[in-house]
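Here is a briefing on one protein model.

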Amino acid sequence: MAEILQTVKEIEKFFAGLFVDYAGVNKNKVLLAYSEEGRPAFNIDRMAYFISVFPEVDDRESYKHREEKYIDSIGKFRQSQFSQRTLRLHITTYGENTDQSIIRFQNMLYSADANYTLSNMYLHIIPERTNGVIRLQERINDRWWTRYDIDLYFYNTIKIENDVSAFESVDIRTEVNN
């Protein structure tokens, strides 16, 4: 069966790599926001980028497309169900001018190369739902840090398959009462 069902962690790692490539930043500065190892300490004068992906509630998930096809080699019907889930990519950056990196990343997502790369991961950007770049000042250890946030939304294809046995024979009788 060729199901398509990616974990959020897989997608986060994909976006972290894509961010390194498209934003042109050092991969050691790009981290998953909620990794099992925790969050390393860093200084106020250093840049840091945190990537996180969250499933979003969306009516689109309730729409399903179903197909059914008989597979001779296994003697069963293969039922396939397709749907889309909505995912929110949230990027938080710390450091002066880190907004340039996320603006570059955001704009690169609309290139033909990015479209191809995203499609291979069953991801499709939703342009009208982009929120950001937002500049915030965050107080950490009695110092004001410069922080930038952006939210980008994507549809993610899901395909579930199930093999179902078929009727092999049916005994139909017609009786007539006289």
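**Surface, core and loops**

Val170 counts as exposed, at 58% relative accessibility. Exposed means over 50% relative accessible area, buried under 20%, and partly exposed in between (1.4 Å probe, protein chains only). This is a predicted model: local features need pLDDT of at least 70, side-chain atom pairs count only at pLDDT 80 or more, and totals for chains, interfaces and linings use all residues. Residues are numbered from 1 along each chain as its sequence is written, and side-chain values use heavy atoms, leaving out hydrogens and water.

**Surface patch**
- Val170 lies in the segment after β7. Helices (H or I, at least four residues) and strands (E, at least two) are DSSP runs, numbered from the N terminus.
- Phe167, Val170 and Ile172 make a nonpolar surface patch of about 430 Å².
- Patch residues have over 30% relative accessible area and no salt bridge; like charges are joined within 9 Å, nonpolar side chains (Val, Leu, Ile, Met, Phe, Trp, Tyr) within 5 Å.
- A salt bridge puts a side-chain nitrogen of Lys or Arg within 4 Å of a carboxyl oxygen of Asp or Glu.
- Accessible areas come from the Shrake-Rupley method with a 1.4 Å probe; for residues, only the protein chains shown count as cover.

**Nonpolar cores**
- The largest nonpolar core has 29 residues; Phe15, Phe19, Leu89, Phe105, Leu109 and Phe154 touch the most other members.
- A nonpolar core is a set of buried Ala, Val, Leu, Ile, Met, Phe, Trp, Tyr and Cys residues joined through side-chain atoms within 4.5 Å.
- Elements giving two or more residues to this core include α1 (8-23), β2 (48-56), α3 (112-120) and β7.
- α1 gives the most, with nine residues.
- A second, separate core of five residues includes Ala33, Ala48, Tyr94 and Trp145.
- Beyond its neighbours within four places in sequence, Phe19 is in contact (heavy atoms within 4.5 Å) with residues including Val30, Tyr49, Ile91 and Phe105.

**Arg147**
- Arg147 sits in strand β7 and is buried, with a relative accessible area of 19%.
- Its side chain makes a polar contact with the side chain of Asp149 (2.7 Å).
- A polar contact is a pair of N or O atoms within 3.5 Å; within protein, one must be able to donate a hydrogen and the other to accept it, and residues adjacent in sequence count only if both atoms are side-chain atoms.

**Positive phi**
- Asn97, in the loop between β4 (76-94) and α2 (99-108), has phi near 65°.
- Asn97 is partly exposed, at 43% relative accessible area.
- Asp142, in the loop between β6 (131-140) and β7 (143-165), has phi near 65°.
- Asp142 is exposed, at 63%.
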